[in-house]
Amino acid sequence: MTPEALEAVRVQLFGKKGELARFQAVLRSLPPEARPAFGQALNAARSALEAAYGERKAALEAAALEARLAAEAIDVTLPGEPLAPGARHPLSLIIEEIEEIFVSMGYRVAEGPDVEWDRYNFEMLNIPKDHPAREMQDSFYLTEEMLLRTHTSPVQVREMLKMGGKTPLKIICPGNVYRRDTDDATHSHMFTQVEGLVVGEGVRMSDLKGTLETFARRLFGEGTKIRLRPSYFPFTEPSAEVDVTCHACGGAGCRVCKGTGWLEVLGAGMVHPKVLEAGGYDPERVSGFAFGLGVERIAMIKFGVDDIRQFYLNDARVLRPFAADLAGPPLATAEAGVPAGGRTAPEETGAGPAASGLE
Ligand code: FA5
């Protein structure tokens, strides 16, 4: 029997004009003495019919469910859909490369908190409360005394204090930093820096220059040169902005470097005596150099990305091809439209020759 046939039976028996309704009318027309016997028989018949109808309805529903379950059965033993393998984020790859270069020069990798005290982020770096340099990094404060660090430089003092005046101290520190900067192609309100710090007896500016030259050649290639331009940071004296020769034109001048032949990558200088003192060192006895580089800027130069926001899109199709450049063997990809292991076409990602004059 089909559900439709059962429904027809229901209407025929229990409907307003059905068999039972007809017997009900007969009951009403009987003489009073005949009604009880007829009524009882009618009720018994109704109960029996309702029970039979209910049973058949339940059986039909159970059969329909069985049929649906059989039709929709999932074979859990089938192999899954292949997924494209992941890749490490290009910024992580650059940080790792930077770490490897400095570790091979005897540096240790240190860490510091993203949520920092005002005194480490500013005061102990010779930036008192009313110093105009604070404005340039106008910041995300959590309380009056606590903020999201605006650079990785507070790790300088933290690491100095851990040393208890001992030398040599040679660290780098990668990490996120936060500024109330307006986001554009070369600026982000959250970005990544790698801090470097060396403290010891007789550490000179020429040591800083030699270290950065070695670093730049290892990161960007043998022919790379650096130049130091005078600059100002409250926590270094003297201070410099450091440029590297443009990797795209080798220094001749091109679109990437806006014809200058140079690309700016970091700030550096000799550690200010007041910072050495804050870190528990005697500036008469020891000296030091420090530098802070912008990881995104380096990644933009290395990967030829012209918009910093590409790094924060969390779009695997954008990130994977850049990662493949550094990761060596091509990464297999199952996604259509993305060349395996190659760079995605600039029109797809917005990637293109890097902008220069990044500040
Ligand atoms: C500093 O943050 C200093 N702490 C660096 C330093 C360390 C100097 C030790 C001396 C000694 P500056 O604000 O210039 O400096 O930032 C350093 C680098 O971070 C810049 O060269 C740039 O590469 C990068 N940078 C700065 N602002 C942004 C931003 N909004 N988005 C992305 N990268 C940025």
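Colleague: Is the crossing of α1 and α3 left-handed or right-handed?

Modeller: The general rule comes first. A crossing is left-handed if the near helix is turned anticlockwise from the far one by less than a right angle, and right-handed if clockwise. Here, α1 and α3 cross in the left-handed sense. This is a predicted model: local features need pLDDT of at least 70, side-chain atom pairs count only at pLDDT 80 or more, and totals for chains, interfaces and linings use all residues. Residues are numbered from 1 along each chain as its sequence is written, and side-chain values use heavy atoms, with hydrogens and water left out.

Colleague: How many helices and strands does the protein have?

Modeller: There are 12 helices and 10 strands. Both are DSSP runs, numbered from the N terminus: helices are H or I with at least four residues, strands E with at least two.

Colleague: At what angle do the axes of α1 and α3 cross?

Modeller: Two packed helices are described by the angle between their axes and the distance between the axes. Axes are lines fitted to C-alpha atoms, for helices over the stretch in contact, and angles run from 0 to 180 degrees between N-to-C directions. The axes of α1 (residues 3-14) and α3 (residues 35-71) cross at roughly 165° and come within 11 Å. That makes α1 roughly antiparallel to α3. Angles under 35 degrees count as roughly parallel, over 145 as roughly antiparallel, 65 to 115 as roughly perpendicular and the rest as oblique.

Colleague: Which residues of α1 make the contact?

Modeller: Contact means heavy atoms within 4.5 Å. On α1, they are Pro3, Leu6, Glu7, Arg10, Leu13 and Phe14. From α3 come Leu49, Glu50, Tyr53, Arg56, Lys57 and Leu60. By class, the contact of α1 with α3 has 7 nonpolar, no polar and 5 charged residues. Ala, Val, Leu, Ile, Met, Phe, Trp, Tyr, Cys and Pro count as nonpolar, Asp, Glu, Lys and Arg as charged, and the others, Gly among them, as polar.

Colleague: How do the axes of α4 and α8 cross?

Modeller: Helix α4 (residues 90-103) and helix α8 (residues 205-220) cross at roughly 135°, with axes that come within 10 Å. That makes α4 oblique to α8. Their crossing is right-handed. Glu97, Ile98, Ile101 and Phe102 of α4 meet Thr211, Phe215, Arg218 and Leu219 of α8. These residues divide into 5 nonpolar, 1 polar and 2 charged.

Colleague: Is valine 203 buried or exposed?

Modeller: Buried means under 20% relative accessible area, exposed over 50%, partly exposed in between (1.4 Å probe, protein chains only). Valine 203 is buried, at 12%. This residue is in the loop between β6 (190-200) and α8. Beyond its neighbours within four places in sequence, valine 203 is in contact with Val198, Met270, Ser287, Gly288 and Phe289.

Colleague: How many residues of helix α10 are buried?

Modeller: 8 of the 9 residues in α10 (residues 295-303) are buried, so the helix is largely enclosed by the rest of the structure. Among them are Val295, Glu296 and Arg297. Glycine 304 follows α10, with a positive phi near 65°.

Colleague: Which residue other than glycine has a positive phi near 50°?

Modeller: Lysine 258 has that value. It is in the loop between β8 and β9 (262-271). Lysine 258 is exposed, with a relative accessible area of 58%. Asparagine 126 also has a positive phi, about 65°, but asparagine 126 is buried, at 17%.

Colleague: Which residue does a cis peptide bond join to proline 168?

Modeller: Threonine 167, with omega about -5°. Proline 168 is in the loop between α7 (154-163) and β5 (169-178).
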